[in-house]
Amino acid sequence: MAFFVSTPAYPLPSLERFSGARVYALYYTGEFTPYQTLSKENQHAFRRAIYVGKAVPRGWRQGIPISNISATSSFELYQRLKEHLKSINQVQSLSSEDFYCRLMILEGSTSYLISTVEAAIIQSQKPLWNAVIDGFGNHDPDSGRYNQAKSDWDVLHSSRPWAEKCLGVSSNYSEILYKINSYFRTFLNQTNAKS
């Protein structure tokens with residue numbers, strides 16, 4: 001974990017195409033009112049991620065031997081971050097300019113650790129979009145499954161076109177704000193207890 005938080009953070013919108021499979025974290029520094037506690041934490045140093053994820057090489061989930069997977073021709077993480085950027089750009093309440101990302105490169109035999117490292121960072125950081133606000137990493141469920149509810153992320157940050165088609169009963173906005181406020185109260189109590 002110490003190694004990960006010591007790696008540089010990059011502005012999310014300015015990433016150029018790169019190869020490789022990695023664990024990544026997104027950091028928020030913007031003005032969206034419910035996230036102000038988090039934004040303040042990240043103003044001078046990227047201390048608390050808002051989301052942590054992973055991108056694995058093609059064939060990894062099917063058990064293809066690592067030696068048969070070319071890290072240099074694998075662009076899964078770059079594509080995943082581009083999908084996240086698209087989601088952020090589709091909503092009015094967030095600006096992509098307020099997001100930064102940190103990456104941990106895991107290649108060759110160390111790529112077997114991708115899921116373990118991701119889980120460890122999530123356990124340590126308890127990122128808001130992993131621990132409380134579900135749905136940021138979701139994809140279009142396709143026309144046959146629009147009877148499901150909108151995710152909490154899509155209620156809070158409406159406008160992803162496919163999410164607007166979801167017709168199920170979702171949480172309401174005030175319930176989600178309550179969960180966010182409870183999360184930050186717990187986070188602040190833990191921070192104060194450590195100091």
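K126 sits in the loop between α4 (114-125) and α5 (128-131), where helices (H or I, at least four residues) and strands (E, at least two) are DSSP runs, numbered from the N terminus. Its phi is near 45 degrees, a positive value in a residue other than glycine. K126 is partly exposed, because its relative accessible area is 37%; buried means under 20%, exposed over 50%, and partly exposed in between (1.4 Å probe, protein chains only). S159 also has a positive phi, about 125 degrees, although it is not a glycine. You will find S159 in the loop between α6 (152-156) and α7 (173-194), and with a relative accessible area of 31% this residue is partly exposed.

A word on what you are looking at: this is a predicted model, in which local features need pLDDT of at least 70 and side-chain atom pairs count only at pLDDT 80 or more, while totals for chains, interfaces and linings use all residues. Residues are numbered from 1 along each chain as its sequence is written, and side-chain values use heavy atoms, with hydrogens and water left out.

Now let us turn to the aromatic rings. A pair of aromatic rings is described by the distance of the centres and the angle of the planes. Here, rings of Phe, Tyr and Trp (its six-membered ring) pair if their centres lie within 6.5 Å; planes under 30 degrees apart count as stacked, over 60 as edge-to-face and the rest as tilted. By this rule there are 13 aromatic pairs. One of them joins Y27 and F46, a tilted pair with 5.6 Å from centre to centre and 55 degrees between the planes. This pair links distant parts of the chain, with Y27 in strand β2 (residues 22-28) and F46, 19 residues apart from it, in the loop between α2 (36-41) and β3 (51-55). Y27 counts as buried because its relative accessibility is 1%, whereas F46, at 22%, counts as partly exposed. F32 and Y35 make an edge-to-face pair, because their planes stand at 70 degrees, with the ring centres 4.8 Å apart. Both partners are covered: F32 is buried at a relative accessible area of 11%, and Y35 is buried at 0%. F32 and Y35 also belong to one aromatic cluster, together with Y24, Y28, Y51, F99, W129, F136 and W153.

Y24 leads us on to the strands. Its bridge partner in β3 is G53. Five bridges join β2 to β3, and the two run antiparallel; two strands pair if DSSP finds at least two bridges between them. β3 is mostly covered, with four of its five residues buried.

In the loop between β2 and α2 lies T33, which counts as exposed because its relative accessibility is 63%. The C-alpha atoms of T33 and S93 are 9.5 Å apart, although 60 residues separate the two along the chain.

What about the cysteines? The structure holds zero disulfides, a disulfide being a pair of cysteine sulfur atoms within 2.5 Å. C101 is buried, as its relative accessibility is 0%, and C166 is buried too, with a relative accessible area of 8%.
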